[in-house]
Amino acid sequence: VGFKLILLSQVRMSLSKFVSFGNGEQDAIWCPAQFLTKLLGSMRAETHGASDSVSAGLLQVSDALNSIRYGGRFWMGLEAIHNLRNFPKGDSSEGPTQVLMRKSQCVANLLFQVAEFPAWLKMVAPGFKFTYDADKLGRVSCVCWLYNLVVDLTLLSAHITRKSAQLAKTTDSAEKEKLKYQLAVLGLQRVQALCDAPLAFNWALSQGFLSEKVIGFLGSLGSLVRLYLAWNQKS
């Protein structure tokens, strides 16, 4: 029994290290490249026509980068499984309802992965001749993504309100600068979520309403903000 417990502990520790090594950072790099090539390709197609080889090539590169991102999000799937065992406790100033919302995001992340992977597999490997509806699974994953974005925006608004109240009350100059920086980061996180939300809603529908150009613009802006935040956090 003792050996089994030790082995199980080692497996959990290895999984935690494996998750933290990736932690979704690869996706933060591929994402801007995907959306920028989509934006450039769609803009060129407007001026040179859909038969233009450069615009067609750019859009194909964008699709290829999107396929690469599926592989990058494998890390997020591991993180989602890991977080089901280690629910985030959130900010110390958050109430029980807000903590419960964060926990629900862990479940939504796992459902996202469960729906997205088979949808991606059928897309890249049609030779398997799976019978399930990959498009429907893709829309389910986008609904999970949209839910998480709505929760993010709700929690961010509450967090910004708390930090703004603290800033108004504090008289310490160093603390003021710290709070101003935190509010700036929270503001950028809200910009990213507001850019991503229309994309998630568009892809959750059977018939999307956004043009490739708009998708490229919103995706580029949101992903560049995300990359900046990730880079800033590492430095």
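Mentor: Before we start, buried means under 20% relative accessible area, exposed means over 50%, and partly exposed is in between, using a 1.4 Å probe and protein chains only. Also, helices here are DSSP runs of H or I with at least four residues, numbered from the N terminus. This is a predicted model, where local features need pLDDT of at least 70. Residues are numbered from 1 along each chain as its sequence is written.

Trainee: Okay, which residues of H5 are buried?

Mentor: The buried ones are Gln98, Val99, Gln105, Cys106, Ala108, Phe112, Gln113, Ala115, Glu116, Pro118 and Ala119.

Trainee: And how many residues does H5 have?

Mentor: Helix H5 covers residues 96-124, so to speak 29 residues. From first C-alpha to last, H5 reaches 42 Å, close to the expected 42 Å, where the expected span is 1.5 Å times one less than the number of residues.

Trainee: What about Cys31, buried or exposed?

Mentor: Cys31 counts as buried, at 6% relative accessibility. Cys195 is buried too, at 6%.

Trainee: Where is Val140 found?

Mentor: In helix H6, residues 134-169. Val140 counts as partly exposed because its relative accessibility is 39%.

Trainee: What separates the C-alpha atoms of Val140 and Ala204?

Mentor: They are separated by 6.8 Å, though the two residues are 64 apart along the chain.

Trainee: And where does Leu221 lie?

Mentor: Leu221 lies in helix H8, residues 212-234. Leu221 is partly exposed, with a relative accessible area of 36%.

Methods: This is a predicted model: local features need pLDDT of at least 70, side-chain atom pairs count only at pLDDT 80 or more; totals for chains, interfaces and linings use all residues. Side-chain values use heavy atoms; hydrogens and water are left out. Helices (H or I, at least four residues) and strands (E, at least two) are DSSP runs, numbered from the N terminus.
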